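Please look over the sequence and the three-dimensional structure below before reading on.

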Amino acid sequence: MTNTLDQIFVLLKHWIIGFLPVWLQPIVAALLSVVAILAVFPGLFAISVLLERKGLGRMQNRIGPNRVGPLGVLQPVADGIKALIKEDVIPYSADHVVHFLAPVMLVVVVFMGYAVLPMGRNMTFVPMDAGLLFYFAMGASAELTVFMAGWSSRNKYSLLGAMRAVAQMISYEVPLLMSSVVIVMMTGSLSLDKIVEVQNQYTWGLPHWFVFTPMGFAAFVMFAIAATAETNRSPFDLPEGESELVAGYFTEYSGFKFAEFFLGEYVAMLSISGLGATLFLGGWSAPLAILNVVPSWFWFFAKIMTWICFYIWMRGTFPRLRQDQLMNFAWKFVLPMTLLNLLVAGLWRFMGEGFLRWVVCSAILLSAYIIGGRIGMRSKKFGPRSYRYAE
Amino acid sequence: MSPLSCYLLVAALVFAIGLAGALTRRNAILVLIGIELMLNAANLNLIAFWRYGPNPAALTGLMFAVFSIAVAAAEAAVGLGLVISIYRHLRTTDLDEISRMKG
Amino acid sequence: MVIFAILAALTVAGGLAAVMLRNTVHCALAVAVAFAGLALLFLRLNAQFAGFAQILVYVGAVAILVVFAILLTRNSETPATGVFSKTWLAGLVIAAAVFAVLAWAVIKSQAALPQEQTEPQISVAQIGNALMGRYVLPLEIVAVLLTAAMIGAVIVAMHEKGSAK
């Protein structure tokens with residue numbers, strides 16, 4: 001059902017290219033897609049920054065920023081102007097080349113991940129056969145830039161924050177990849193376009209999204225946890241916790257470089273939400289078959305913004321995890337659960353179609369989760385909460 | 001100069017640079033970096049021969065290179081563990097000073 | 001051809017910087033650049049899986065391992081007697097000799113090298129089938145090797161009981 005509104009951006013691009021000679025067309029096509037990505041996602045970054053500050057404010061029983069523009073809507077503009085005109089202070093003993101390159105490399109690597117996300121029907125920038133592998137390769141490169149930022153500042157707090165951040169990111173990268181491997185097993189392809197196409201079918205009006213299958217749901221939960229840890233968001237934000245480490249690995253950055261780090265972190269969050277939406281929530285496919293009249297790109301961005309709201313909700317709700325609690329959780333609970341999930345995914349394909357495989361797979365995953373949780377909590381002494389009020 | 005020989009020359013150059021690094025630097029970790037460069041040069045050689053060879057559909061060169069990447073990562077992990085362990089005992093990573101077994 | 005020249009120059013420059021710079025962390029970052037350059041050369045040779053696996057494994061894991069090891073073994077910035085060992089000239093001569101022999105072999109054997117020019121169209125599904133079909137034994141052996149390496153590295157680098165930390 002490709003009506004005009006759905007394909008409007010593709011048709012627009014073809015119309016603009018039609019004016020140019022043939023030898024110039026591929027370059028300008030690529031350039032137009034790049035400009036579109038560079039325009040849309042920083043715009044979404046501005047919206048999510050505003051959403052976060054207002055949302056966190058409401059959750060903490062206060063109003064967020066409300067002075068700049070009606071209801072504080074122009075706050076991101078004010079933040080941008082402030083970041084651009086602030087003085088750029090570099091420590092005297094800092095390593096100037098690496099200090100300059102670290103935020104630049106972070107932003108470059110994070111934006112490269114958008115090249116393979118299918119943002120609508122026929123709207124992938126570079127449809128690659130090994131698209132998922134490319135995305136994870138870019139994610140792995142981002143860790144080195146975090147280390148570069150922390151080391152080049154010649155500051156104990158920055159270095160400590162950077163080492164913690166890198167340790168956290170490599171610990172949670174394994175569950176991230178393993179949860180995606182479950183989806184690859186069910187689809188048979190590493191190409192993100194094919195993964196969305198497989199999910200675009202409907203039975204009795206409900207879609208075939210992978211989140212509605214037992215191991216897809218378990219993988220979705222673990223992917224969400226690992227994605228929160230990969231982008232250093234609360235409750236995993238010890239590396240950048242304001243009360244522990246000043247500002248972690250970007251303590252010594254001010255002005256535009258800090259804005260680049262901020263942009264890089266939020267764009268990484270949007271990017272990994274896009275990947276999660278593609279893998280588990282069906283990418284650009286609509287929730288119900290009758291809703292296909294709404295364009296596909298609308299559903300993709302709606303799913304991304306839902307993930308962002310979920311991240312903001314988690315930030316406002318959970319306390320921060322300590323570094324050793326975080327790493328224990330990753331290696332001792334999430335990783336065995338992802339391996340069990342792989343086994344269950346293999347079992348799913350081995351048993352044929354029917355009701356039995358739903359029951360067996362759900363039973364295995366639920367019992368493993370409950371038993372794993374009970375074993376992990378055995379050594380801790382949890383009791384009823386005791387309140388002590390100030391006298 | 002066919003494309004294949006260009007790739008082979010680049011691989012030989014990177015190999016020689018890695019060998020020079022492994023033989024001349026004092027820090028043990030830089031020797032390991034040189035070894036990693038040598039392994040990477042060999043991988044480039046394998047993939048170049050796979051691409052320009054007679055039977056690319058058999059995937060031999062590609063598989064060899066992928067397994068080589070995995071083995072090199074394992075070897076880097078063990079090597080760096082050894083360097084850290086030596087540092088803990090001798091408080092130095094300078095290879096000219098770690099000469100207890102000499103003579 | 002221009003792209004190949006740029007990528008080759010990037011890789012060689014990264015390698016040279018990795019063995020010649022004074023600061024150890026700069027060397028580690030330069031070797032990460034060399035790894036990335038090599039990954040781009042793999043992509044140019046149409047080996048997509050190998051290229052992305054190279055970035056994932058080398059830039060994303062080995063480079064970080066090297067950097068962590070450098071940070072955990074810092075005793076001084078640079079040694080007083082220079083960063084090159086006493087026998088640096090012998091090492092350089094040996095490396096130059098190796099390069100000369102390899103380059104001579106490549107240039108002399110131009111006529112005997114294979115000359116296929118058609119690009120192989122390999123899909124990831126074919127690689128998966130090959131890994132599970134013809135190459136399943138190396139795959140299992142590499143799995144055992146990686147487990148053994150992981151356990152070995154942890155045991156070697158662990159704090160021994162009773163030793164002064």
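Two residues are said to be in contact if their C-beta atoms, placed from the backbone, lie within 7 Å. The structure is a predicted model, in which local features need pLDDT of at least 70 and side-chain atom pairs count only at pLDDT 80 or more, while totals for chains, interfaces and linings use all residues. Residues are numbered from 1 along each chain as its sequence is written, and chains are lettered from A and ligands numbered from 1 in the order in which they are written.

**How the chains meet**

By the contact rule, 19 residues of chain A are in contact with 17 residues of chain C. On the side of chain A that touches chain C, the elements giving two or more residues are α5 (131–152) and α6 (156–187) of chain A, and the largest share, eleven residues, comes from α5(A). For the classes of residue, Ala, Val, Leu, Ile, Met, Phe, Trp, Tyr, Cys and Pro count as nonpolar, Asp, Glu, Lys and Arg as charged, and the others, Gly among them, as polar. The side of chain A that touches chain C divides into 15 nonpolar, two polar and two charged residues.

No contact joins chain A and chain B, and their closest C-alpha atoms lie 14 Å apart.

A residue is buried if 20 or more other C-beta atoms lie within 10 Å of its own, exposed if 12 or fewer do, and partly exposed in between, with C-beta atoms placed from the backbone.

From the N terminus on, the elements of chain C run α-α-α-α-α-α. The radius of gyration is taken over C-alpha atoms, and the globule rule is 2.2 Å times the number of residues to the power 0.38. For chain C the radius of gyration is 21 Å, well over the 15 Å that the rule gives for 165 residues, so chain C is more spread out than a compact globule. For chain A, with 391 residues, a compact globule would have a radius near 21 Å, and the value of 22 Å agrees with this.

Among contacts with a separation of 6 or more, residues 24 or more positions apart account for 76% in chain A and for 50% in chain C.

Domain bounds come from an automatic or database domain assignment, which divides chain C into domain 1 (1–76) and domain 2 (123–165). The centres of these two domains of chain C, taken over C-alpha atoms, are separated by 22 Å.

**The nonpolar core**

A nonpolar core is a set of buried Ala, Val, Leu, Ile, Met, Phe, Trp, Tyr and Cys residues joined through C-beta atoms within 7 Å. Which members of the largest nonpolar core touch the most other members? Of its 174 residues, these are I47(B), V31(C), A63(C) and V66(C). The largest share of this core, 17 residues, comes from α3(C), and at least three residues are drawn from each of domain 1 (1–76) and domain 2 (123–165) of chain C. Leaving aside residues up to four places away in sequence, V66(C) touches I29(B), I33(B), L80(B) and A28(C).

The expected span of a helix is 1.5 Å times one less than its number of residues. Helix α8 (residues 214–230) of chain A has 17 residues and should span 24 Å, which agrees with the 24 Å between its end C-alpha atoms. Because 14 of the 17 residues of α8(A) are buried, this helix is largely enclosed by the rest of the structure. After α8(A) comes N232(A), whose phi is positive, near 55°. Helix α9 (residues 256–279) of chain A, with 24 residues, reaches 34 Å from its first C-alpha to its last, close to the 34 Å expected, and α9(A) is mostly covered, with 19 of its 24 residues buried.

Key:
Helices (H or I, at least four residues) and strands (E, at least two) are DSSP runs, numbered from the N terminus.
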